[in-house]
Amino acid sequence: MKYLALTALLFAAPAGAAEIWVTNEKDDTISVIDVATLEVTRTIPTGERPRGITFSKDYSKVYICASDSDAVQVMDAATGKILHDLPSGEDPEQFVLHPDDKHLWIANEDDAVTTVVDVESRTVVAQINVGIEPEGMAVSPDGKTVITTSETTNMAHWIDTATNKIYANTLVDSRPRHAEFTKQGAELWVSSEIGGTVTVFDTATQAEKGKVRFEITGVNDDLIQPVGFEFTPDGKTAFVALGPSNHVAVVNAETLEVDKYILVGRRVWHMAFSPDHTQLFTTNGVSGDVTVIDVASLEPVKTIKVGRFPWGAAMRP
Amino acid sequence: MTAALVALRAILHREALRFLGQRGRLVAALVRPLVWLFIFAAGFRAALGLSITPPYQTYIPYETYVVPGLCGMILLFNGMQSSLSLVYDREMGSMRLLLTSPLPRWWLLLSKLIAGAAISVLQAYAFLAIAFAYGIRMTGAGYLGALPAMFFAALMLGALGLMLSSFIRQLENFAGVMNFVIFPMFFLSTALYPLWKMAEASPLLARACAANPFTQAVELIRFALYRQLNAPALGWVALALLVFGALALWGYDPERGTVRRKA
């Protein structure tokens, strides 16, 4: 009985270990990093050019944007087996899972539409015309608003999820790539890759509240290209990936001032926190690795080699 | 206290007095690496991309990379300077007197090495303190671990200087040897650029760089500052210390060495 319990414990341990899943654009794989050991424990094949990645609420399934396969793939998170594809429209790049855990909102870059897919019936519920080259996707915490940013039109489109209609369009700086609501949903942040800024909007009025600007000593302004970002759970700090400048900015979310720039690998795209939010994992596209940042000290502690051109990151507790 | 310890204490005391008496020496010893850190490293920061090389676990700015190398630079220059003083001392100073004492010669030379190394290490820590204030920080254990590493490296570099000084007849010749030894040793090392960067330019240079005892001394310090022991570097430094020490002893032996020939 004792041995049985011990064996059960041994087998249970890996399943309970938190992981960071990273999509590798060029390798068509996912690298799984163990949060405890900071090592890649397994590599899972996917469709072509995987980018956006997110887990279902219970973490049993993982959704992957396989851009060049023109599909959103659904994978069994435990086995790494592809269960089925979802009808996604052409060239899906980013998506967001609605808080109802049932609807996936997908940006179709080539078609200038946002596709809403019911993940259970695997059907397209709606397609909404948006600006040219939609990319960034966000959903408000109450689930009432979904945002699509269009890279060429330079707009954030505010979509009412009850009617699937755009109710507001707001201009942002050039090439918006990523959008996130703050934890309470009072603000929407949109990063502009070419503009080199992050624009902050008031959610209630859709009015611009302020802008985050970046400046790194010794780095040309052209290389400072904000893309993915994440907020700490208290909402006081935002970490912003600055692309080919190879730095992540630590932004005070109240004053919108940058507190620090952290050196990471080359061309940093996106990031994910560990379950306890003490570590942040950034995907560094060109250098093909993931840098782990200690959130308390704001110091990079380790860089882990993954596949070629890592892009998206998601945490699995 | 035995005569040997008295001699060691006297030599230590004399080196300390000499160091304190020359206030400019500490400033001069610090200015050199600080110029490299504040100006050279700042200028090259963007030009030199550093991939991850042990003991580093992630990407580091160039300033962080050069700090152990600049500690090594202090030890190298100081080791040479201390030996330079020996050429002078041997000609007219107290060492001439000491070398004629009945104490074993190896002990006197070792005492001289220890005294020189202690002063070098103090200067390296003064540099690390300034680097700390500049924002390049290691852990407390790293600073502690660097103590034996830097002391050992300083002994080896001092022994090299001692060996060279034993073969030099006059003070004037020493400057030339400094140029032929210090600069190639410093630039052909991992103090300023990692080995892989050198290998990209020339595999032959990279091999020479790896064989350079100064490279091994720098790597020993670099790993120690990050709480790791680089055993191959330690072995290499120990071997170099033995060889340089033995040659210095041979050089200073009045029966065989160049000291006799000089007379």
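Modeller: Two residues are in contact if their C-beta atoms, placed from the backbone, lie within 7 Å. The model is predicted: local features need pLDDT of at least 70 and side-chain atom pairs 80 or more, while totals for chains, interfaces and linings use all residues. Residues are numbered from 1 along each chain as written, with chains lettered from A and ligands numbered from 1 in written order.

Beyond neighbours within four places in sequence, A:Val248 contacts A:Phe239, A:Val240, A:Ala241, A:Leu242, A:Ile262, A:Val264, A:Val268, A:Thr282 and A:Ile293. A:Val248, A:Val240 and A:Phe95 touch the most other members of the largest nonpolar core, which has 79 residues. Such a core joins buried Ala, Val, Leu, Ile, Met, Phe, Trp, Tyr and Cys residues through C-beta atoms within 7 Å; buried means 20 or more other C-beta atoms within 10 Å.

A separate core has 67 residues, including B:Ala154 and B:Leu160. B:Leu160 belongs to helix H6(B), where B:Leu160, B:Phe152 and B:Met156 are among the residues meeting H11(B), whose partners include B:Leu241 and B:Phe244. Helices are DSSP runs (H or I, at least four residues), numbered from the N terminus. The axes of H6(B), residues 140-166, and H11(B), residues 231-252, lie 8 Å apart at about 30 degrees, so the two helices are roughly parallel (under 35 degrees).

Notes:
Buried ≥ 20, exposed ≤ 12 C-beta atoms within 10 Å, placed from the backbone. Axes fitted to C-alpha atoms, helices over the stretch in contact; angles between N-to-C directions. Parallel < 35°, antiparallel > 145°, perpendicular 65-115°, else oblique.
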